[in-house]
Amino acid sequence: MSPEAQEFLGTFASETFYYWASVFMLLIHAGFLAYEGGASRTKNVLATMVKNLLTLASVGLAFFFFGWWVYNAFPLFPVTGGILGPWTNPEQSETIQSAMELVEASYPWSPALAPNTGDHLTGVFFFAFALFAMTTASILSGALIERVKVGAYLVLSVVLGAFTWVVGAAWGWNPFGWFVTNLGYHDFGCSAIVHGISGFFALGVLINLGPRVGKYDEAGNPRPILPHNLPLTMVGLMLIFVGFYAFLAACVIFLPGYTGETTIYGTPMTLASIGVNTTLALAAGLVGAYISSRSEPFFTISGGLAGIITVGAGLDLYHPALVIVLAFAGAFLMPKVIVAIEKAGIDDAVGAVGVHGVCRLLGAVLTGIFAAGYPQGADIPPINFVGQLIGALVSVVLLGFIPGYGVSWLLKRFNLLRVSREEEVMGLDIADLGIEGYPEYPTMTLISSITKGVGGNGTPQAPTSSELAMD
């Protein structure tokens, strides 16, 4: 084989790896579609799924037009430099010169994103990061189901998926990021960067959005609003698990000319260890939530996700035995956090704040304890508790909770955040889409109204149009 062929083979291996890892990451979104659709009530199933589907459109386009540039332009801002763009002089320093090559390749008009036989990798990295961005916004989607306006959700998804999360990734998940170079922050599986930011962004939105009609009684005690199709929800989470393996594989760095795999922090690793640790975290998480929730199905299967999320930041470094302990503990804690949030008056329909926000914040901080002192790449400080704590708190508060609360507050001020009470009671399938998700099947409300309507001669009375609409 000629040297040119060997060189191309290395490039093709990297291109193929990230391409197919990104394709399999789409299973996360198939999973979210089923998960949230199953978690909603029958009158909202189609609207919930369509809203989730639109996440791919809103975030995908926004990430192309400015999100990809934000990731490459914000690593130095505001601590070690300014925002990089056409106005930047690359000759200021070697760091800026190196970073500018990536910035110029991230403009929407860049030849690197067009059909270009001279660049096989920029496009697949854009593809992978666009899927990361969509995942971030989809985490928000489930928390808001059954009462948020579609337009408001799309605005929030773009702010989160194409900007605030991306700034967090630029700071803590980029070799030039100031979290990395100044604090020694380490977050292999995007604990605080993806899940922590999206979970706390959702918390800020939920405070302004308010609970669903009927969620709390007159005394403020929460009432259960059960998923209309729990089996579909469980299948959805299984798809998310599969997609998560691809998500974590795409976090591995393997480029042409490399003699081994590394993380974005320059630490050596193997893809095999990710397979072992992810599997153990999934298993231990299921056990932890099963015991903690006393076999409640929704919490049990959410425990698999909570387990993986809790160990995500140090998944590349942890011994399998430590993974089992931490994943079990995080998943055991998760149901209790979700119940506490519900009792505090926050109606989080799928437990996104507890699973993604709290478990990820915990996971990022734990890395500063259990991987403290681990050396990282050149000019990057070793992993340390203070760096992990600062990076995690800045992520979830400055890039998660504050923008989530602020943007949703503005939408609420202009009456753009929540559907009317009448639309919510009627159901968003009829209110938003004009069709029902299950038009051919009788539902419990319909059966109840017919049963109660039996006349004196034993003949069932037809339900009124308003009763049908309620159903």
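Trainee: Is D347 buried or exposed in this model?

Mentor: Keep in mind that the model is predicted. The relative accessibility of D347 is 3%. Buried means under 20%, so D347 counts as buried.

Trainee: How many salt bridges does the model hold?

Mentor: A pair counts when a side-chain nitrogen of Lys or Arg lies within 4 Å of a carboxyl oxygen of Asp or Glu. By this rule the count comes to six.

Trainee: What is the N to O distance in the salt bridge between D347 and R147?

Mentor: The two side chains meet in a salt bridge. The cut-off is 4 Å. The N to O distance for D347 and R147 is 3.7 Å.

Trainee: Why does the pair of D347 and R147 tie together parts that are apart in sequence, and by how many residues?

Mentor: D347 lies in the loop between α11 (320-343) and α12 (352-370). R147 lies in the loop between α4 (122-143) and α5 (150-172).

Trainee: What is the relative accessibility of R147?

Mentor: Buried means under 20%. R147 counts as buried because its relative accessibility is 0%.

Trainee: Which residue meets R212 in a salt bridge at 2.9 Å?

Mentor: R212 sits in the loop between α7 (191-209) and α8 (230-249). Its partner sits in the loop between α11 and α12, 135 residues apart from R212. Both residues of the pair are buried. The partner is D347.

Trainee: K215 meets E342 in a salt bridge. Which of the two is partly exposed?

Mentor: Their N to O distance is 2.6 Å. K215 lies in the loop between α7 and α8 and E342 in helix α11, so the pair ties together parts that are 127 residues apart in sequence. K215 has 4% relative accessibility and counts as buried. At 26%, the partly exposed residue is E342.

Trainee: Now to S22. Which backbone oxygen does its side chain reach?

Mentor: S22 lies in helix α1 (residues 3-39). The side chain comes to 2.7 Å from that oxygen. The oxygen belongs to Y18.

Trainee: Leaving aside neighbours within four places in sequence, which residues does S22 contact?

Mentor: S22 has a relative accessible area of 0%, so it is buried. Contact means heavy atoms within 4.5 Å. The contacts of S22 are V124, F127, A128 and L131.

Technical notes:
Residues are numbered from 1 along each chain as its sequence is written. This is a predicted model: local features need pLDDT of at least 70, side-chain atom pairs count only at pLDDT 80 or more; totals for chains, interfaces and linings use all residues. Side-chain values use heavy atoms; hydrogens and water are left out. Helices (H or I, at least four residues) and strands (E, at least two) are DSSP runs, numbered from the N terminus. Buried means under 20% relative accessible area, exposed over 50%, partly exposed in between (1.4 Å probe, protein chains only). A polar contact is a pair of N or O atoms within 3.5 Å; within protein, one must be able to donate a hydrogen and the other to accept it, and residues adjacent in sequence count only if both atoms are side-chain atoms.
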